Amino acid sequence: MRISVIGCGYLGAVHAAAMASLGHDVIGIDVDADKVVSLAAGRAPFFEPGLPELLTGSVSSGHLTFSTDMADAAGARVHFICVGTPQKRGEFGADLTHVEQAFAMLLPHLTEGDVVVGKSTVPVGTAEALAERLEDTGATLIWNPEFLREGFAVQDTLHPDRLVYGLPTGTAGQITEAGEKARQALDEVYSVSLSDGTPLVVTDYATAQLVKVAANSFLATKISFINAMSELCEATGADVTRLADAIGYDERIGRRFLNAGLGFGGGCLPKDIRAFMARAGELGVDQALSFLREVDAINMRRRVRMVDLAREMCSGSIVGRRIAVLGAAFKPMSDDVRDSPALSVAAQMQLQGAHVTVTDPQAIDNARLKWPDLRFAPTALEAAEGADVVLLATEWAEYRELDPVVLGKVVNARRMLDGRNVLDPATWRQAGWTYRALGRP
Ligand code: UDX
């Protein structure tokens, strides 16, 4: 199958390389010329485990090419829209500029029988409006949300846990003839996953668009739920990690996504729940999602509480104190610093007068671009040199495995703030550290 993938960021670059590795002929299109040059040379423009291998394999086999020219998408049968939908400046809603631009530029190159597949996360109603604009081209739109997690993007793309197709429906709710034809083309693209038994949910546009934001809202709610419990634990002397273990044994609840700490960040969960609230308001059902305001508020409170805890540890003031922040990425196995809780806390402490040094195995370059005033060090030991407090903010394996005795030799004072509840308090206390964490005694 000849495929075009429009937008080569965290989603599109992985999707393009993964589809090419399955034997499809893929052209990746992006407006960023530097990114295209890098991808065409088989180099991943961001850190994503497994992507470099997939890229080099597919580029050298000739199945994967890249271009900045949308005209090169002509001739492909299936066109995936993978551009970003960030939060609008000063508003909760999603900024659809990139989707609009990609779609408008693609339109003149479409021919009868082409399939346009929307993967970007959009407010419900977007697909319906885009489909109308396809009417004169003879192309059909399918909404096919993407659920990949950064850090596991290659695995999630090649072995998704489910596929969702939102297809055009007629007045009686039945899938149209054009929809059925388009579906066959997408089935061919995903033939390997489908023959592996990946569950497929075939539905209408509205449901398909809602699936993505509903899933992310649920995940965000689960994290904020345990972080709310963490506040209760702090008020009562209970331990949120043991609480999570105990409730997680109930299969109806499950232990995953119950890790209390600094909360969620990244390019998806925060902006998706806000865009969902904004859309619900437009639809007149804002009450249905008012709980997401609380989910967002609990999450943001974690960051404030972390700075307060650092202050408590430094006898009431962090002014002039040296603080080492371990982690800048919004989560381990990623170099993405978009809405990173780690970086947000580091910047807050710096703004409040502390001398902050940040380290991260992958995200220092991105972090420096965002907060050039912070100091950066290549390793945890160098960042912690002379520190009055060490804050573990992103749970990279190398920070979880730090030796408290070795780290204890380079700091000024042995104070550990475990922002992700991943260290063993007893081990650190035995090595002479004052250990504090959110929701733990
Ligand atoms: C998320 C969804 O998981 C994915 O399905 C969707 O396609 C995009 O958004 P991602 O943003 O890559 O993926 O990260 P995820 O692994 O979901 O983590 C999000 C944030 O939640 C991170 O900041 C992480 O540190 C935090 N988190 C996660 C917690 O604070 N506690 C947890 O228990 C789990």
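Which residues are the closest to the ligand among those that surround it? The legends below explore this and other close-ups of a predicted model.

**View 1. The residues around the ligand.** The ligand is surrounded by 20 residues, and the closest are F147, L148, E150, N259 and K331. Helix 9, which spans residues 205-236, gives the most to this shell, with four residues.

View 2. Look for L148 to start: a polar atom of its backbone is 2.9 Å from an oxygen atom of the ligand. The backbone of L258 also has a polar atom 3.4 Å from a ligand oxygen, and for a polar backbone atom of G263 the distance to a ligand oxygen is 3.4 Å. On its own the ligand has 670 Å² of accessible area, and the protein covers 91% of that.

View 3. Follow the strands in the order 11-10-9-12-13-14, and you will find parallel pairing. Strand 11 (375-376) and strand 14 (434-437) each have a single partner strand, so one side of each has no neighbour in the sheet. Now zoom in on strand 12 (residues 389-392) and strand 13 (residues 415-418): they run parallel and are joined by three bridges. Here, L392 has D418 of strand 13 as its bridge partner.

**View 4. Nonpolar cores.** In soluble globular proteins, nonpolar side chains tend to be buried together. The largest nonpolar core here has 52 residues, and V325, M349, V390 and M416 have the most contacts inside it. Leaving aside residues up to four places away in sequence, M349 touches V307, A310, I318, I323, V325, A354, V356 and L391. Another core, of 38 residues, lies apart from the largest one and includes L11, I142, A153 and V154.

Key:
Residues are numbered from 1 along each chain as its sequence is written. This is a predicted model: local features need pLDDT of at least 70, side-chain atom pairs count only at pLDDT 80 or more; totals for chains, interfaces and linings use all residues. Side-chain values use heavy atoms; hydrogens and water are left out. A nonpolar core is a set of buried Ala, Val, Leu, Ile, Met, Phe, Trp, Tyr and Cys residues joined through side-chain atoms within 4.5 Å. Buried means under 20% relative accessible area, exposed over 50%, partly exposed in between (1.4 Å probe, protein chains only). Contact means heavy atoms within 4.5 Å. Two strands pair if DSSP finds at least two bridges between them. Helices (H or I, at least four residues) and strands (E, at least two) are DSSP runs, numbered from the N terminus. A residue is near a molecule or strand if one of its heavy atoms lies within 4 Å of it. A polar contact is a pair of N or O atoms within 3.5 Å; within protein, one must be able to donate a hydrogen and the other to accept it, and residues adjacent in sequence count only if both atoms are side-chain atoms. Accessible areas come from the Shrake-Rupley method with a 1.4 Å probe; for residues, only the protein chains shown count as cover.
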